[in-house]
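My entries follow the structure.

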Amino acid sequence: MSKLILGLDGGATKSHIALFNENGNCVSTTTYGPLNHEVMKGSYAELEERLGELLPRAVKEAGATLDDIKHAVLGVAGVDTNAQFELISGMIGKIGFKDYIVCNDAVLGVAAGCPKCVGVCAINGTGFKLAAIDNSGVTVETCGLGNFTDDLGGGYWYGHRAICSVYNEIYKLGRPTIMKEMVYDLFEITRREDYLEVLNEKFYSDEIDSVSINSIAFNAAALGDAVAIGILEASAEQYAGAIARLLMDFDFPADQTAYVTLAGSVFVKQKVKLLQDFIRMRVDDALNGRSVEYITLDAPPVAGAVMWAAQKASFDIEMPAIKAGLEAAGL
């Protein structure tokens with residue numbers, strides 16, 4: 001078997017493994033459940049058991065052995081501290097991998113979207129997360145710890161703020177907002193007295209998804225609603241500050257274009273792009289107008305793991321070939 005590279009995107013809900021050969025062909029893919037120790041009853045012990053069963057099986061199903069893996073990149077949710085990095089890296093080493101990188105899964109967005117696997121990835125999806133790979137190869141990830149990191153975005157955050165803003169209007173003399181009619185329409189609320197009861201019943205129901213709930217703030221902002229615009233501006237300030245901080249503190253020379261990948265359902269699926277506009281303006285102000293190029297991620301994160309592994313293995317593979325191979329495999 002010719003030398004292969006392996007990429008893993010291990011998430012909190014689902015995971016993907018992909019193996020490619022040196023010609024850029026996708027040899028095999030595997031879809032699996034969660035690989036985040038934080039959602040497992042058995043925590044790290046269970047994660048080690050799952051990785052020890054899953055990774056060798058995926059390699060075997062590709063008709064290969066661990067000795068055929070020239071390089072592997074494994075992005076795993078829940079790798080947030082040095083201690084976690086050391087622990088999970090040790091698990092991978094015990095399985096038998098020799099040349100590999102373990103990182104938080106957010107870092108994969110950098111490799112998936114930024115040229116030469118160098119830049120920043122801002123994630124606005126299930127959570128709020130930032131990650132970077134700088135020119136010297138240093139990886140870093142910030143935010144993502146909720147109340148501890150003052151994250152204003154991700155998940156249902158925009159929908160929560162819209163609903164609270166409407167509550168403030170109807171019960172606290174808050175500023176009037178057109179989001180009131182939007183919330184009432186989406187949740188089929190007809191009386192103020194039913195507001196909380198209906199929300200408690202329907203907010204997390206299968207009939208209303210997070211994109212629809214979050215869209216209230218985005219659609220109202222697009223119509224010029226000052227309260228909704230304030231919600232997006234507050235989130236943009238946090239994202240822009242985190243992006244600028246990474247570009248200022250790590251090896252991203254000011255005389256070179258910096259690349260920022262925007263990933264996650266809020267950045268990708270929301271049709272109203274005001275949030276991105278606000279982020280760009282604030283980053284531009286913070287960095288005194290230095291060149292920054294933004295890329296909206298259009299590849300699955302495992303593509304980033306494969307791209308980074310290809311770079312480390314000196315395989316001449318381009319991202320379009322990786323995306324085409326993964327798409328043909330159903331990812």
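I began with H16, which counts as buried because its relative accessibility is 12%; buried means under 20% relative accessible area, exposed over 50% and partly exposed in between, with a 1.4 Å probe and protein chains only. I noted that the model is predicted, that local features need pLDDT of at least 70 and side-chain atom pairs pLDDT 80 or more, and that totals for chains, interfaces and linings use all residues. Residues are numbered from 1 along each chain as its sequence is written, and side-chain values use heavy atoms, without hydrogens and water.

I located H16 in strand β2 (residues 15-21), strands being DSSP runs of E of at least two residues and helices runs of H or I of at least four, numbered from the N terminus. Beyond its neighbours within four places in sequence, H16 has contacts (heavy atoms within 4.5 Å) that include D9, T31 and L331.

I then checked for disulfides, meaning pairs of cysteine sulfur atoms within 2.5 Å, and the count is 0. C114 has its closest cysteine sulfur in C121, at 7.1 Å, so the two are too far apart for a bond. For C117 the closest cysteine sulfur is that of C114, and at 8.6 Å this is also too far. C114 is buried at 4% relative accessibility, and C117 is buried at 3%.
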